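Colleague: I'm new to this one. Can you put it up and take me through some of the side chains?

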Amino acid sequence: MERNVEKMLNRVSVVFISIGTVLMVIMILQTPKTCISPEAPSKPHTHFPRSTCDSSPRQHLPLPKKNARLWSSKAWKSRLSSFSNYFLRFRDLGLLQNHTKALCLSAGAGHAPMALSNIGLSDVTAVELVDSIPLVKRADPHNLPFFDGVFDFAFTAHLAEALFPWRFVEEMERTVRRGGFCVVAVDECGGDDVRDIARLFHNSKVVDVANVTLEGSKRTSILFKVQDSPT
């Protein structure tokens, strides 16, 4: 009796598995009606879809067109304008000139380097863990692929996100020449926080602290001048 019941259950299982397999194949091979263009022929679509609603190949924009679309967006222009206004302050102080060699660390999509170029700088380098060609190159800000003292000016708005802030600052100072400048923009803060940040800069001294608005947020901008390395 038990053997008969077991055989019957096995047969039922095989039947249900077969039905399920057939239904799955039908669903995979059938393009949903909502995905079919009204101008499409009446003949059913039999191609294997790459997504649940993919009745035609997708068009991929080449990089120049993709960048042009991004850079013309309202959000991009707004952030770019904010960085441009921020850097104009340093140009007015005489710290940024057309020949200044500038470095942007943790530059994201590239708003800061584009802003520096827009105010007249011809030699701007930007790095980030993920590149954004042509504005930002891929490099680890904790281990920069540059010789000592090759830049006149270095900037970052993301020191707080650095995995090792002391190493981040060390590389920032190393790549800026003696007499050059390092600038960090951090969340708005007071004297104690500024002093804590200043302690990370072993070879620089604070020459200016200002509260600014950057990318729509209140920030504190700290300007350092690189000194002689300790002997």
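Colleague: Let's start with Leu116. Which residues does Leu116 touch, leaving out those up to four places away in sequence?

Modeller: Keep in mind that this is a predicted model. Leu116 touches Phe87, Leu96, Ala102, Cys104, Leu121 and Val124.

Colleague: Where does Leu116 lie?

Modeller: In helix α4, which covers residues 111-118.

Colleague: And is Leu116 buried or exposed?

Modeller: Leu116 is buried, because its relative accessible area is 0% and buried means under 20%.

Colleague: Take Leu96 from that list. What separation do the C-alpha atoms of Leu116 and Leu96 have?

Modeller: They are separated by 8.9 Å, and the two residues are 20 apart along the chain.

Colleague: Change of topic: charges. How many salt bridges does a search of the whole structure find?

Modeller: The search finds 10. One of them is between the side chains of Glu215 and Arg79, at 2.2 Å from N to O.

Colleague: Where do Glu215 and Arg79 lie?

Modeller: Glu215 is in the loop between β6 (204-214) and β7 (217-226), while Arg79 is in helix α3 (residues 74-92). The pair links distant parts of the chain, 136 residues apart.

Colleague: How does Glu215 count for accessibility?

Modeller: Glu215 counts as partly exposed, at 26% relative accessibility. Arg79 also counts as partly exposed, at 36%.

Colleague: Next pair. What do the side chains of Arg174 and Asp148 meet in?

Modeller: A salt bridge, with 2.7 Å from N to O. Arg174 lies in helix α5 (residues 165-175) and Asp148 in the loop between β3 (137-138) and β4 (151-156), so the pair ties together parts that are 26 residues apart in sequence.

Colleague: Is Asp148 buried or exposed?

Modeller: Asp148 counts as exposed, at 57% relative accessibility. Arg174 is partly exposed, with a relative accessible area of 24%.

Colleague: Last one: Arg219 and Asp187. What is the N to O distance in their salt bridge?

Modeller: It is 3.7 Å. Arg219 lies in strand β7 and Asp187 in strand β5 (residues 176-187), so this pair ties together parts that are 32 residues apart in sequence.

Colleague: And Arg219, buried or exposed?

Modeller: Arg219 counts as buried, at 9% relative accessibility, whereas Asp187 counts as exposed, at 58%.

Technical notes:
Residues numbered from 1 in each chain as written. Predicted model: local features only at pLDDT ≥ 70, side-chain atom pairs only at ≥ 80, totals over all residues. Heavy atoms only, no water. Helix = DSSP H or I, 4+ residues; strand = E, 2+ residues; numbered from the N terminus. Buried < 20%, exposed > 50% of the residue type's maximum accessible area, 1.4 Å probe, protein only. Contact = heavy atoms within 4.5 Å. Salt bridge = Lys/Arg side-chain N within 4 Å of Asp/Glu carboxyl O.
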